[in-house]
Amino acid sequence: MSATPSNPLWLAPMVDVTLWPVRKMFFGLGVGLAHTEMVSARAIIEKSHVAYDMLYRHPKEGALVLQLFSGDIDVLLNGAKEALKVNRFNALGINMACPSRKVMASGGGAALIYRPNIASRMVKELKTLGLPVWVKTRIPSHDLSDAFNWCELLLASGADNVAIHARTPSQGYNGKSDRKIVKEIAESFPGMISATGDVFSVSDVLEYIEMGCVGVMIARGALKDPFIVTEALKALGYSVGMDDSLGFRINVFRSFFEDLGDIRDNIAMPLLRRFLSCIFKNVPRASYIRSSLANAGSIVRARELYDAFVDELKLTFQF
């Protein structure tokens, strides 16, 4: 199954965010590829219902990468095998970027940067399953040779794409992603490197593409403003057939509400709150409705409040 994206703007994996309703919304906005959130391979093996929820794929989703994490080669491989029994994916991803102490303590996430032999074998083992293998990674240091050698190892082991978040594990999300390193590596491995980290504007997307990256993953910037996707695609020359009008935004979020209604409230409400800051931006009383939605208690009630406010807007703006 091909992992060829329809365009170079992709939705990055985000913990507690990139479940299917969010991914479906972003596919509707035009992303060329999306990731599941980071899924524990061990949890899949143990048949955790939480992990299995993460594996659900909506029929209307596009190219989808299953991102897994583990510090153990066999666990990673067996978790991937079990996941493929549950659903189909276009590529298998290995997280070598997460800097959380819990994940790194297990030997997974960014800890794999300091376990190069294990990381290399993980890529090779996943390749035996017949799908493209994508790696999302941080850099060992801000020394170009260190970063270059690390990415070269991953690619030589069989990785089909290496997404570079050019911060070290110890940086967390402090400082800035080192774009000079991304540029040098992207130029050294044409068509194999994508970028992630500090993508908050259309100009950020364009800069990474101009550096030679085959794709750009958007994460925190997408939470802040999902409609950066349509604007960036327009800037890249893609015909998106969508606009940034109030009516368009209303319809995007109405569909999102409908999808959230198909999952449990304890998952749906936190997902909704992630996107409240951009709902009805620059519209009168927007802060009031955002507060009301955040405290609605259930998606059903939040949808009622949303629809009532939309009716008011239609009378005011006549659209």
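Okay, let's start with a word we'll need: a residue is buried if its relative accessible area is under 20%, exposed if over 50%, and partly exposed in between, using a 1.4 Å probe and protein chains only. By that rule, 58% of the 319 residues of this protein count as buried.

Some housekeeping. This is a predicted model, where local features need pLDDT of at least 70, side-chain atom pairs count only at pLDDT 80 or more, and totals for chains, interfaces and linings use all residues. Residues are numbered from 1 along each chain as its sequence is written, and side-chain values use heavy atoms, with hydrogens and water left out.

Now the overall picture. There are 15 helices and 9 strands, where helices (H or I, at least four residues) and strands (E, at least two) are DSSP runs numbered from the N terminus. The radius of gyration is 20 Å, close to the 20 Å from the globule rule for 319 residues, so the protein is as compact as a globular protein of that length. That radius is taken over C-alpha atoms, and the rule is 2.2 Å times the number of residues to the power 0.38.

Next, the inside. A nonpolar core is a set of buried Ala, Val, Leu, Ile, Met, Phe, Trp, Tyr and Cys residues joined through side-chain atoms within 4.5 Å. The largest one here has 117 residues, and F26 and F280 touch the most other members. In general, nonpolar side chains tend to be buried together in soluble globular proteins.

So where is F280? Look in the loop between helix 13 (265-274) and helix 14 (286-294). F280 is buried, at 4% relative accessible area. Contact means heavy atoms within 4.5 Å, and beyond four places in sequence F280 touches residues including L246, I250, Y306 and F309. Its phi is positive, near 60°, and it isn't a glycine. Most residues other than glycine have a negative phi. D198 is another non-glycine with a positive phi, about 60°, and D198 sits in the loop between strand 8 (193-196) and helix 9 (202-210).

And F26? That one is among the buried residues of helix 1.
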